[in-house]
Amino acid sequence: DAHQLVKELEGPFDFVFSDADKGWYKNYFLDVDPKLVVGGCYTTHNIQEGGRRGGGWNQDYLNWVRSLENYESSLNSDGGGVLISYKRSE
């Protein structure tokens, strides 16, 4: 069960690729963030802004990550869409 397993991962991590159940993306991020080193990269698959019927894929998650002051994020909309977030500080 990834919901429990991700909490138990020890870290530290310098790169994370998240492509698990989409409704839990924020929870995974919150569980991994303290274990991600400054300068590390957290990437999330299946993210699109706007997108299908104007709603985008995981738009709430995208907006939330973009609001984090200690991360710099960019969105690559090719293919399934990948949000690339670099941790600038704790």
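**Strand β4 and its contacts**

Reader: Which residue in β4 is the bridge partner of Thr43?
Author: The bridge partner of Thr43 is Ile84, in β4. Please note that this is a predicted model: local features need pLDDT of at least 70 and side-chain atom pairs count only at pLDDT 80 or more, while totals for chains, interfaces and linings use all residues. Residues are numbered from 1 along each chain as its sequence is written, and side-chain values use heavy atoms, leaving out hydrogens and water.

Reader: How many bridges does β2 make with β4, and in which sense?
Author: β2 (residues 36-45) pairs with β4 over five bridges, in the antiparallel sense. Strands here are DSSP runs of E with at least two residues, helices are runs of H or I with at least four, and both are numbered from the N terminus. Two strands pair if DSSP finds at least two bridges between them.

Reader: And what about β3 and β4?
Author: β3 (residues 71-76) is also antiparallel to β4, over six bridges. Glu72 has Tyr86 of β4 as its bridge partner. The two strands form a hairpin with five residues between them, and Gly79 in the turn has a positive phi of about 60°.

Reader: Which residues of β4 are on its covered face?
Author: Leu83, Ser85 and Lys87 are on the covered face of β4 (residues 82-87), whereas Val82, Ile84 and Tyr86 are on the uncovered one.

Reader: Changing topic: how many salt bridges are there in the whole structure?
Author: A search finds four. The criterion is a side-chain nitrogen of Lys or Arg within 4 Å of a carboxyl oxygen of Asp or Glu.

Reader: Which residue pairs with Lys87 at 3.3 Å?
Author: Asp33 forms that salt bridge, 3.3 Å being the distance between the closest N and O atoms. The pair links distant parts of the chain, 54 residues apart: Asp33 is in the loop between α2 (25-32) and β2, and Lys87 is in β4. Asp33, Lys87 and Glu90 are linked in a network of salt bridges.

Reader: Is Lys87 buried or exposed?
Author: Lys87 counts as buried because its relative accessibility is 2%; buried means under 20% relative accessible area, exposed over 50% and partly exposed in between (1.4 Å probe, protein chains only). Asp33, at 22%, is partly exposed.

Reader: Where is the partner of Glu49?
Author: The partner is Arg66, with the closest N and O atoms 2.7 Å apart. Arg66 is in helix α3 (59-67), and Glu49 is in the loop between β2 and α3, 17 residues apart.
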